[in-house]
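Please view the sequence and the structure together, and then read the points below.

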Amino acid sequence: MKNCVKASGQGQSKGFDRMKKTVFMAAALATMLLGSSVEGWAAKLVARIDVSSQTMTVRYGQAVYRWRVSTARKGYITPRGSYRPQRTARMWYSRKYDMSPMPHSVFYRGGYAIHGTGAVKSLGRPASHGCVRLHPANAAAFYSMVRRAGFRNTRIVVTN
């Protein structure tokens, strides 16, 4: 009787080891297929603003968009780093800059936001007080993506 219990206990141990190996292999395969980037796992929506090229590349699911932007002009800064959205506003007016309209704002660091602008002729070169300006249609699209994906699933990365 003791041998029967001992034999079945050993079989369970081998089965558990096989299960652990299977789970490990599945995780390794998923990492290879999806990439090992932490940002890839953490965010469904990633917006990369490249200040040197004055562009914003947005990856949302399989879709990729590349838009011209305006970041900080001389004397101002657009903060570099990796952020999550803090709040959104369909229409915001800057109290700091003469109630300037900021349609489809996605705030990512204090008063800094990605938003639409009426100064579309300035897109592609530094022109703002530090915010990231977009064409109004692109700002509306990005705003909608952020609202759909959610703040926790969105990453905004600002680089040189």
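Met99 is partly exposed, because its relative accessible area is 47%; buried means under 20% relative accessible area, exposed means over 50%, and partly exposed lies in between (1.4 Å probe, protein chains only). This is a predicted model, in which local features need pLDDT of at least 70 and side-chain atom pairs count only at pLDDT 80 or more, while totals for chains, interfaces and linings use all residues. Residues are numbered from 1 along each chain as its sequence is written, and side-chain values use heavy atoms, with hydrogens and water left out.

**Met99 and the surface**

- Met99 is found in the loop between strand 5 (87-94) and strand 6.
- Together with Met91 and Tyr93, Met99 forms a nonpolar patch on the surface, with about 300 Å² of accessible area in total.
- Patches are made of residues with over 30% relative accessible area and no salt bridge; like charges are joined within 9 Å, and nonpolar side chains (Val, Leu, Ile, Met, Phe, Trp, Tyr) within 5 Å.
- A salt bridge is a side-chain nitrogen of Lys or Arg within 4 Å of a carboxyl oxygen of Asp or Glu.
- Accessible areas come from the Shrake-Rupley method with a 1.4 Å probe, and for residues only the protein chains shown count as cover.

**The chain as a whole**

- The protein chain contains three helices and nine strands; helices (H or I, at least four residues) and strands (E, at least two) are DSSP runs, numbered from the N terminus.
- Along the sequence, these elements follow the pattern α-α-β-β-β-β-β-β-β-β-α-β.
- Of the 160 residues in the protein chain, 35% are buried.
- The accessible surface of the protein chain comes to about 10,200 Å², and 57% of this belongs to carbon and sulfur atoms.
- Among contacts (heavy atoms within 4.5 Å) between residues at least 6 apart in sequence, 56% join residues at least 24 apart.

**Strand 6 and its partners**

- Seven of the 10 residues of strand 6 are buried, and this strand is thus mostly covered.
- Strand 5 and strand 6 pair in the antiparallel sense over seven bridges; two strands pair if DSSP finds at least two bridges between them.
- One of these bridges links Thr88 to its partner Val106 in strand 6.
- Strand 5 and strand 6 form a hairpin with five residues between them, and Asp98 in the turn has a positive phi of about 55°.
- Strand 6 and strand 7 run antiparallel and are joined by three bridges; Arg109 has Tyr112 in strand 7 as its bridge partner.
- These two strands also form a hairpin, with two residues between them, and Gly110 in its turn has a positive phi of about 55°.

- Strand 7 (residues 112-116) is largely enclosed by the rest of the structure, because four of its five residues are buried.
- Strand 7 and strand 8 run parallel and are joined by three bridges; the partner of Gly116 in strand 8 is Leu134.
- Ser122 is in the loop between strand 7 and strand 8.
- Ser122 has a relative accessible area of 16%, so it is buried.
- Leaving out residues up to four places away in sequence, Ser122 touches Ser70 and Ala127.

**The nonpolar cores**

- A nonpolar core is a set of buried Ala, Val, Leu, Ile, Met, Phe, Trp, Tyr and Cys residues joined through side-chain atoms within 4.5 Å.
- The largest nonpolar core has 22 residues, of which Ile49, Met56, Val58, Ile114, Leu134, Phe142 and Ile156 touch the most other members.
- The elements that give two or more residues to this core include strand 1 (45-50), strand 2 (55-60), helix 3 (136-149) and strand 9 (154-159).
- Helix 3 supplies the largest share of this core, with six residues.
- Another core, of five residues, lies apart from it and has Ala89, Met102, Phe107 and Ala113 among its members.

- Most residues other than glycine have a negative phi.
- Gln54 is not a glycine, yet it has a positive phi of about 55°.
- Gln54 is found in the loop between strand 1 and strand 2, and it counts as buried because its relative accessibility is 3%.
- His104 lies in strand 6 and has a positive phi of about 50°, although it is not a glycine.
- The C-alpha atoms of His104 and Ser144 are separated by 8.6 Å, while the two residues are 40 apart along the chain.
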